[in-house]
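Hi,

Have a look at it first, then read on.

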Amino acid sequence: MKPILLILALATAAAFAADPIKSTEPTVAESSAQRDARMGWWREARFGMFVHWGLYSGLAGTWNGKAVGTNGGMEWIQQRVKADTDTYAAAALPKFQPVPGFAREWAKTAKAAGCKYLVFTTKHHEGFGLFDSKVGDYNAGARLHRDLVKEIVEAAHAEGLKVGFYHSLIDWHHDQYAYQKSKQLPHPLKGQPYPNGERDHAKYVDYLHSQVGELMSNYGQVDVLWWDYSALDFQGDEAWRATDLMKLVRARQPGIIMNNRLYRTREAGWASMGTEGFIPQLDTRFGDFITPEQHIPATGMPGVDWETCMTLNTTWGFSEHDHAWKSDELLIRNLADIASKGGNYLLNIGPKGDGSLTPETVKSFQAIGKWMKVNGEAIYGTTASPFAKLDWGRATRKGQDLYLIVFDWPKDGKLLVPLKNKVKQASLLAGSGKRLTSSSSDAGVTIQLPASAPDAIATVIKLTLSGEPQVITK
Ligand code: FHN
């Protein structure tokens with residue numbers, strides 16, 4: 001080949017390699033109507049359970065008898081103690097002993113809380129697969145002679161839940177995962193030479209694609225694929241052969257919904273690393289929804305599907321040292337806040353090494369379930385509030401119905417809603433659905449409320465308007 005052509009070829013290859021999205025072509029040719037149909041159940045669901053469960057769960061934030069930390073992700077314990085995979089597995093495997101029927105407790109807890117879908121870790125960064133994989137031997141099939149993914153899927157389906165597979169792109173076990181390629185992605189051996197000499201990352205990516213192929217083929221319909229995660233310096237086709245991976249998934253699961261974490265670009269809704277790095281935009285070639293983590297955006301994101309994932313305390317994986325449990329009030333108001341902005345709430349549980357749930361987890365989800373039993377219609381199938389901000393709470397919308405979710409009950413019993421509309425009907429969702437009287441003025445609609453709030457955390461008033469909401473802006 002002539003030198004000039006060789007230089008051009010090398011330059012092109014380098015450009016594609018350097019730019020993770022240049023070689024990305026649309027992985028699915030669908031109309032916006034087809035996309036809306038595919039996203040429909042997810043947008044209506046609004047509320048799902050996230051589950052982080054793996055070998056780290058048995059370690060419970062403790063290593064060599066000492067607490068590794070009381071704050072933050074103990075699913076990262078291998079990286080926090082900088083353990084190589086053999087040392088880690090030797091310590092963790094004996095403590096990972098799932099009791100029979102563990103998944104049924106998760107599914108029942110999720111269902112009773114009003115969750116419509118359950119997303120769980122099929123493999124987290126530690127690299128241990130919860131499924132019976134024929135690729136490699138670092139998985140539940142090879143080590144425990146159980147297919148835990150199958151058990152979880154069956155339990156979720158028995159409760160009528162949609163299922164989502166979280167799958168880590170990062171892998172702290174595989175001996176070809178070339179962690180030196182990224183300065184930003186974590187690894188227990190970061191900064192150290194590869195213990196096994198050179199690594200061929202392409203071999204890890206083949207392994208990744210093979211295991212994702214198993215997950216997309218062996219467990220029936222999978223409704224969500226929750227990738228995790230890419231870095232600005234290592235992402236997309238360069239890191240994961242992302243275009244091929246998305247095509248593989250969609251070929252086997254045509255209706256599946258995938259998040260944006262194969263990439264970390266502005267087009268994929270990311271401006272930087274860290275959990276605040278999200279931006280309200282998404283080119284759907286790179287995923288179906290953006291994933292603000294431990295954050296609720298300040299406003300809605302019209303035209304962008306998004307899901308906030310959050311922990312119940314401060315860690316995704318179980319830690320016996322983390323007692324910073326969020327209050328029922330905060331959890332319920334987060335759900336209302338997120339729904340009022342048109343987003344989904346993926347609330348995490350971290351089961352113990354035997355699969356059991358902490359009493360705090362059960363209590364939190366029971367409290368949400370009690371509220372959802374009365375007020376779920378103000379969350380499910382709603383769209384974002386027509387109001388920019390409400391001093392006393394939040395609002396959601398369903399056609400000409402508005403749901404006013406009142407956090408701060410007015411002392412004078414008068415709730416002012418900045419609407420020009422006439423109100424056809426106003427009623428409480430709580431109790432017997434008591435009708436409320438309302439009056440209109442230039443300031444808006446004033447609703448006469450009972451002296452005390454039926455629900456101290458959040459009371460919902462359903463308004464049926466004559467026509468589309470007409471908001472009074474200051
Ligand atoms: O590193 C992971 C973390 O352990 C956890 O799984 C979260 C959940 O969204 N995702 C990554 C951090 O962004």
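Is Asn-348 buried or exposed? Asn-348 is buried, because its relative accessible area is 1%; buried means under 20% relative accessible area, exposed over 50% and partly exposed in between, with a 1.4 Å probe and protein chains only.

Before the rest, a word on the ground rules. This is a predicted model, where local features need pLDDT of at least 70 and side-chain atom pairs count only at pLDDT 80 or more, while totals for chains, interfaces and linings use all residues. Residues are numbered from 1 along each chain as its sequence is written, and side-chain values use heavy atoms, with hydrogens and water left out.

Asn-348 is in strand β9 (residues 344–349). Helices (H or I, at least four residues) and strands (E, at least two) are DSSP runs, numbered from the N terminus. The Asn-348 side chain makes a polar contact of 2.8 Å with the side chain of His-52. By polar contact I mean a pair of N or O atoms within 3.5 Å; within protein, one must be able to donate a hydrogen and the other to accept it, and residues adjacent in sequence count only if both atoms are side-chain atoms. Setting aside neighbours within four places in sequence, Asn-348 is in contact (heavy atoms within 4.5 Å) with Phe-50, Val-51, His-52, Met-310, Thr-311, Leu-312, Thr-315 and Trp-316.

For Trp-76 the corresponding distance to a ligand oxygen is 2.8 Å, and for His-124 it is 2.9 Å. On its own the ligand exposes 330 Å², and the protein buries 92% of that; these areas come from the Shrake-Rupley method with a 1.4 Å probe, and for residues only the protein chains shown count as cover. The ligand is surrounded by 13 residues, the closest being His-52, Glu-75, His-125, Asp-228 and Glu-293, where a residue is near if one of its heavy atoms lies within 4 Å. That shell divides into six nonpolar, three polar and four charged residues. Here Ala, Val, Leu, Ile, Met, Phe, Trp, Tyr, Cys and Pro count as nonpolar, Asp, Glu, Lys and Arg as charged, and the others, Gly among them, as polar.

Most residues other than glycine have a negative phi, and most peptide bonds are trans. Asp-228, from the ligand shell, is joined to Tyr-229 by a cis peptide bond with omega of about -15°. Tyr-229 lies in the loop between β6 (224–228) and α10 (236–240). Arg-46 has a positive phi, near 65°, and sits in the loop between α2 (32–45) and β1 (47–51). Ala-60, in the loop between α3 (55–59) and β2 (62–63), also has a positive phi, of about 60°. Arg-46 counts as buried at 5% relative accessibility, and Ala-60 counts as buried at 5% too.

**Loops worth a click**

- Gly-127 is in the loop between β4 (117–123) and α7 (140–144) and is buried, with a relative accessible area of 0%. Beyond its neighbours within four places in sequence, Gly-127 is in contact with Tyr-138, Asp-171, Trp-172, His-173 and Tyr-207.
- Asp-305 lies in the loop between β7 (257–258) and β8 (307–310) and counts as buried at 11% relative accessibility. A polar contact of 2.8 Å joins its side chain to that of Arg-43.
- Tyr-380 is in the loop between α13 (359–375) and β10 (393–398). Its side chain reaches the backbone oxygen of Gly-114 at 2.5 Å, although Tyr-380 and Gly-114 are 266 residues apart along the chain.

**Helix packing**

Helix α6 (residues 102–113) and α13 pack at an angle of about 35°, with axes 7 Å apart. Axes are lines fitted to C-alpha atoms, for helices over the stretch in contact, and angles run from 0 to 180 degrees between N-to-C directions. Glu-105, Thr-109, Ala-112 and Ala-113 of α6 meet Val-362, Phe-365, Ile-368, Gly-369 and Met-372 of α13. The residues of this contact divide into six nonpolar, two polar and one charged.

In helix α11 (residues 242–252), the buried residues include Leu-245, Leu-248 and Val-249. The buried residues of α11 pack against α2, α9 (201–217), β6, α10 and β7.

Cheers
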